[in-house]
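Hello,

Here is the structure we talked about handing over. Please open it alongside these notes on its aromatic rings.

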Amino acid sequence: MGIIIGSLASQNWHRQVRQRKLSGAAAFDYVFEKTAAIGKEFGFSPMGIDFGVRSLPSTDRSYLDELKARLKANDMIAMVGFGGVAVSNDAEVRAASIAEARRNLEIAAYLGARTSNFGCARNGRITHEGQIKYAILMLKEIGRIAREYGIRICQENFDHWKSDELIRICVETGLDNVGIQSDTGNWLILGEDPVEATRKCLPYTMHAHVRDYVLENDTYNGVAVGAGLVDFERVLPLLAQAGEKEDIIFSMEVDTDDRDEDQCAHDSYAYLKSWLIKNGHTEHLK
């Protein structure tokens with residue numbers, strides 16, 4: 001087991017996609033080829049790529065077969081997100097969300113994904129405690145569906161639930177395939193120390209977004225990994241432990257408002273490759 005370096009394709013070059021007015025298949029292909037090129041340049045084998053079912057230009061079987069072939073030809077492995085989980089008091093809304101999750105998890109499995117991420121679509125009329133309880137209710141069902149496909153599912157730390165609440169959700173589902181996607185930079189947004197939050201969530205961590213931030217203009221703005229506020233020399237060894245039993249993908253994410261996306265991506269991947277070599281994590285390097 002080991003560490004696969006990957007790309008959160010949609011975010012790393014989102015400004016370029018916008019500036020080029022790309023959408024649909026053109027946008028997807030643009031970031032796919034960018035990611036494939038990074039894998040070849042740095043010798044990441046396989047190269048990981050994050051995308052969601054909802055970002056696919058088509059879910060027809062013929063298109064999925066073509067995409068599977070493209071992944072194989074480019075020595076890539078995908079982490080395919082299955083979408084949103086409705087946290088709602090409305091039983092019909094919850095049922096529709098579960099049905100969509102089943103369809104999308106089937107697609108993720110068909111593309112060879114072993115891990116799939118999601119986000120909880122919260123309803124503001126529900127109390128904070130109620131949102132957590134409905135999330136647990138939903139994930140008990142969706143987690144069992146994911147297990148049928150041999151998939152682990154994980155929720156990203158973003159801008160609402162803290163580490164203790166994310167852990168509680170995992171524990172109270174009672175399922176070992178329901179976990180956390182630990183985003184190194186997002187702990188700052190949540191007001192938590194990235195090192196301690198990473199350590200705390202480690203037993204439930206199934207996927208990682210590796211990104212760095214600086215605080216500018218009241219905004220956590222993306223910069224190259226190692227150039228910002230996150231202490232990666234302490235965070236990365238912790239995250240590496242999540243790959244001891246099953247390969248974990250470290251999907252690098254730039255998500256900058258004003259830096260050069262290509263330069264930030266290149267510097268970030270150079271940092272990550274250097275760290276892998278220095279620390280003996282060369283299982284997935286050519």
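**Aromatic rings: what was found**

Y213 is buried, at 4% relative accessible area (buried is under 20%, exposed over 50%, partly exposed in between, with a 1.4 Å probe and protein chains only). Y220 is partly exposed, at 30%.

Some ground rules. This is a predicted model, so local features need pLDDT of at least 70, side-chain atom pairs count only at pLDDT 80 or more, and totals for chains, interfaces and linings use all residues. Residues are numbered from 1 along each chain as its sequence is written, and side-chain values use heavy atoms, with hydrogens and water left out.

The whole structure holds 8 aromatic pairs. Rings of Phe, Tyr and Trp (its six-membered ring) pair if their centres lie within 6.5 Å; planes under 30 degrees apart are stacked, over 60 edge-to-face, and the rest tilted. One of the pairs is F28 with F32, tilted, at 6.3 Å centre to centre and 35° between the planes. The pair Y213 and Y220 is tilted because the planes meet at 45°, with ring centres 5.9 Å apart.

Back to F28 and F32. Both are buried. Both sit in helix α3 (residues 24–42), 4 residues apart, about one turn of the helix. Helices here are DSSP runs of H or I, at least four residues, numbered from the N terminus. Ring pairs also join F28 and F32 with F51 in a cluster.

Two charges sit over rings (NZ of Lys or CZ of Arg within 6 Å of the ring centre and within 35 degrees of the ring normal). R70 lies over the face of F32, 4.2 Å from the ring centre. R61 has its charged end over the ring of Y110, 4.0 Å from the centre.

Best regards

Methods:
Helices (H or I, at least four residues) and strands (E, at least two) are DSSP runs, numbered from the N terminus.
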